[in-house]
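Please look at the sequence and the structure together.

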Amino acid sequence: DIGTGSGILSFVAEKIWPSAKILACDIEEVSIKIAKENRFCNNSNVCFYQNSEQDLSIPKEWDKKFDLIVSNILASPLISMSKVIRSLVRKDTILILSGFLDYQLSDVTEAYNSSGFSVIDSLEKDRWITLILQTKTD
């Protein structure tokens, strides 16, 4: 969960897949503090850590390839992280991106297409977009 904020997406993922190992990061120190407090309230095992905008800084004890990546953040950081996110995926990784508006869809899609992802689906509600992608197969 990239840009975890309060941790809500991570907690939902943990409820859906209770045996999954879930890693979540945010650039804001206060967000990680709140997410860790929420982890306690939710009896959760999600691992939260702080990263920077330039580096996701995956903790050493974690596998650096993921089956699912979710991110609900603004278009600009999503676009700038497309290549970094590509380095974290397996052959059939699913990527779910949201937090941006319909007029930003083509820019986000272009960044991820050029980084090796194919669009599976997109959803729109009140101009907000959710984009579902998968690693391109060669």
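Helices (H or I, at least four residues) and strands (E, at least two) are DSSP runs, numbered from the N terminus. This is a predicted model: local features need pLDDT of at least 70, side-chain atom pairs count only at pLDDT 80 or more, and totals for chains, interfaces and linings use all residues. Residues are numbered from 1 along each chain as its sequence is written, and side-chain values use heavy atoms, with hydrogens and water left out.

Start in strand E4, which covers residues 89-101 and holds Ile96. Because its relative accessible area is 28%, Ile96 is partly exposed. Here buried means under 20% relative accessible area, exposed means over 50%, and partly exposed lies in between (1.4 Å probe, protein chains only). Which residues does Ile96 contact, leaving aside neighbours within four places in sequence? They are Leu68, Ile69, Val70, Ser71, Thr130, Leu131 and Ile132; contact means heavy atoms within 4.5 Å. Leu123 is 27 residues from Ile96 in sequence, and their C-alpha atoms are 11 Å apart.

A salt bridge here is a side-chain nitrogen of Lys or Arg within 4 Å of a carboxyl oxygen of Asp or Glu. The count by this rule is four. One of them joins Asp63 to Arg90, with the closest N and O atoms 2.9 Å apart. That pair links distant parts of the chain: Asp63 sits in the loop between strand E2 (47-50) and strand E3 (66-72), 27 residues from Arg90 in strand E4. Another salt bridge joins Asp67 to Arg90, at 2.8 Å between the closest N and O atoms. Asp67 is exposed, at 54%.

Move on to the end of the chain's strand E4. Asp102 lies in the loop between E4 and helix H5 (105-114). Its salt-bridge partner is Arg127, with the closest N and O atoms 3.1 Å apart. Arg127 sits in the loop between strand E5 (117-125) and strand E6 (128-135), so the pair links distant parts of the chain, 25 residues apart. Asp102 counts as partly exposed because its relative accessibility is 28%. Arg127 is partly exposed too, with a relative accessible area of 44%.

Now turn to Asp26, in strand E1 (residues 23-26). Asp26 is buried yet has no salt bridge. The nearest side chain of opposite charge, Lys36, is 12 Å away. In this scheme Lys and Arg count as positive and Asp and Glu as negative, while His and the chain ends are not counted. What does the side chain of Asp26 reach at 2.8 Å? The backbone nitrogen of Gly5. The backbone nitrogen of Glu28 lies 2.9 Å from a polar atom of the Asp26 side chain. Not counting residues up to four places away in sequence, Asp26 touches several others, among them Thr4, Ser31, Tyr49 and Asn51.

Last comes the surface. Ile8, Leu9, Val12, Ile16, Trp17 and Leu68 form a nonpolar patch there, with about 530 Å² of accessible area together. Patches are made of residues with over 30% relative accessible area and no salt bridge; like charges are joined within 9 Å, and nonpolar side chains (Val, Leu, Ile, Met, Phe, Trp, Tyr) within 5 Å. Helix H1 (residues 8-16) gives the most to this patch, with four residues. Leu9 lies in helix H1 and counts as partly exposed, at 37% relative accessibility.

Technical notes:
A polar contact is a pair of N or O atoms within 3.5 Å; within protein, one must be able to donate a hydrogen and the other to accept it, and residues adjacent in sequence count only if both atoms are side-chain atoms. Accessible areas come from the Shrake-Rupley method with a 1.4 Å probe; for residues, only the protein chains shown count as cover.
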